[in-house]
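This report goes through a protein model for someone who has not seen it before. Please look at the sequence and the structure first.

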Amino acid sequence: RAILFLGEKEAALQLQTLPDVQKLDPFLADLHQASSLLQASIEEFEKADPPGGMQEATRCLSKSKELMEAVLRDPGLLGLQREGGATLARLQRDASRLDFSPDVRSHLAAATALYSLVDEQLHVLVTTSNSLLGKLELRVRLGHLEAAIHQVSDWMEQEGSRCLQTLTPKDGSLETVEKAHAEFENFFLQAAAQYRRGLELSKQAAQLGATAGGAGEAEGAEFPELAAFASTQRVFQAKLTHFYMAAERQRTDLETLLHLHRFCKR
């Protein structure tokens with residue numbers, strides 16, 4: 001018994017001379033807590049891709065960013081990122097210098113494995129969150145573009161179409177033609193502005209499609225929203241071109257008619 005007591009006393013003295021070993025259990029607790037946080041966050045991101053439209057995507061995007069920021073600000077996780085590797089290295093170094101009990105060696109092996117798991121979970125979390133945030137941001141940008149495209153399209157179908165029909169001379173007098181020409185010039189300024197806006201939207205849509213398509217290929221992901229949007233964009237582009245050509249043609253006809261009237265009046 002005396003020998004056993006002396007052995008226990010010596011082991012206790014060894015622990016006192018190697019204070020880092022006494023941090024093993026708290027270190028394991030921190031790792032378990034961080035691992036649970038990361039796993040819960042990964043699962044949250046994996047199920048956070050809503051099927052709704054732009055409003056739902058905007059809400060989910062804001063919520064997902066807040067979640068990611070909260071995880072990355074977690075004090076326990078920050079502490080492990082700053083000091084976890086050094087702490088584990090010191091524990092392994094101290095364990096190699098002394099013949100600790102199987103229980104201590106088992107805990108150290110568990111800490112080593114759990115530290116690797118936390119590192120892997122952090123990588124998975126970043127990858128998963130980036131993928132989700134990319135999809136949601138794409139959906140939001142597509143939603144804004146679609147809304148702007150519909151706004152221009154509605155103007156062409158309503159105001160633009162009405163002006164093309166009404167701004168034509170009702171009779172052949174010079175005064176009527178001059179009045180129609182002046183009104184049409186004012187309208188054409190609006191039409192040209194809407195046309196330029198439409199071209200800019202089409203350019204943004206093409207750039208967004210190319211960027212998202214390239215990102216999707218790199219990540220092995222698919223964006224079904226792009227296919228539907230591409231169809232909408234092609235229809236809009238055709239409508240925009242047709243409308244502007246009609247406006248230019250009518251403007252040219254009015255100018256020709258006005259010049260003819262003025263020539264005849266001489």
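## Basis of the model

The model is predicted: local features need pLDDT of at least 70, side-chain atom pairs count only at pLDDT 80 or more, and totals for chains, interfaces and linings use all residues. Residues are numbered from 1 along each chain as its sequence is written, and side-chain values use heavy atoms, with hydrogens and water left out.

## Overall make-up

The protein has seven helices and zero strands. Helices (H or I, at least four residues) and strands (E, at least two) are DSSP runs, numbered from the N terminus. Read from that end, the order of elements is α-α-α-α-α-α-α.

Of the 266 residues, 34% are buried. Buried means under 20% relative accessible area, exposed over 50%, and partly exposed in between (1.4 Å probe, protein chains only). The accessible surface is about 16,200 Å², and carbon and sulfur atoms account for 55% of that surface. Such areas come from the Shrake-Rupley method with a 1.4 Å probe; for residues, only the protein chains shown count as cover.

A contact means heavy atoms within 4.5 Å. Among contacts between residues at least 6 apart in sequence, 84% join residues at least 24 apart.

## Helices packed on α5

Helix α3 (residues 54-72) and α5 have axes that come within 9 Å and cross at roughly 150°. This makes α3 roughly antiparallel to α5. The crossing of α3 past α5 is left-handed. On the α3 side the contact includes M54, A57, L61 and V71, and on the α5 side it includes L125, L132, E137 and H144.

Helix α2 (residues 24-46) also has an axis that comes within 8 Å of that of α5, and the two cross at roughly 25°. Helices α2 and α5 are therefore roughly parallel to each other. The crossing of α2 past α5 is left-handed.

Axes are lines fitted to C-alpha atoms, for helices over the stretch in contact, and angles run from 0 to 180 degrees between N-to-C directions. Angles under 35 degrees count as roughly parallel, over 145 as roughly antiparallel, 65 to 115 as roughly perpendicular and the rest as oblique. A crossing is left-handed if the near helix is turned anticlockwise from the far one by less than a right angle, and right-handed if clockwise.

## Aromatic pairs

Rings of Phe, Tyr and Trp (its six-membered ring) pair if their centres lie within 6.5 Å; planes under 30 degrees apart count as stacked, over 60 as edge-to-face and the rest as tilted. By this rule there are six aromatic pairs. In one of them, the ring centres of W155 and F243 are 5.8 Å apart and the planes stand at 85°, so this pair is edge-to-face. It links W155 in helix α5 (residues 102-166) to F243 in helix α7 (residues 224-265), 88 residues apart. W155 is buried at 14% relative accessibility, and F243 is buried at 6%.

The rings of Y195 and Y244 have centres 3.9 Å apart and planes at 5°, so they are stacked. Y195 lies in helix α6 (residues 174-219) and Y244 in helix α7, so the pair ties together parts 49 residues apart in sequence. Y195 and Y244 are both buried. One aromatic cluster is formed by W155, F184, F187 and F243.

## A buried glutamine

Q233 lies in helix α7. Its relative accessible area is 16%, so Q233 counts as buried. Leaving aside residues up to four places away in sequence, Q233 touches S202 and A205.
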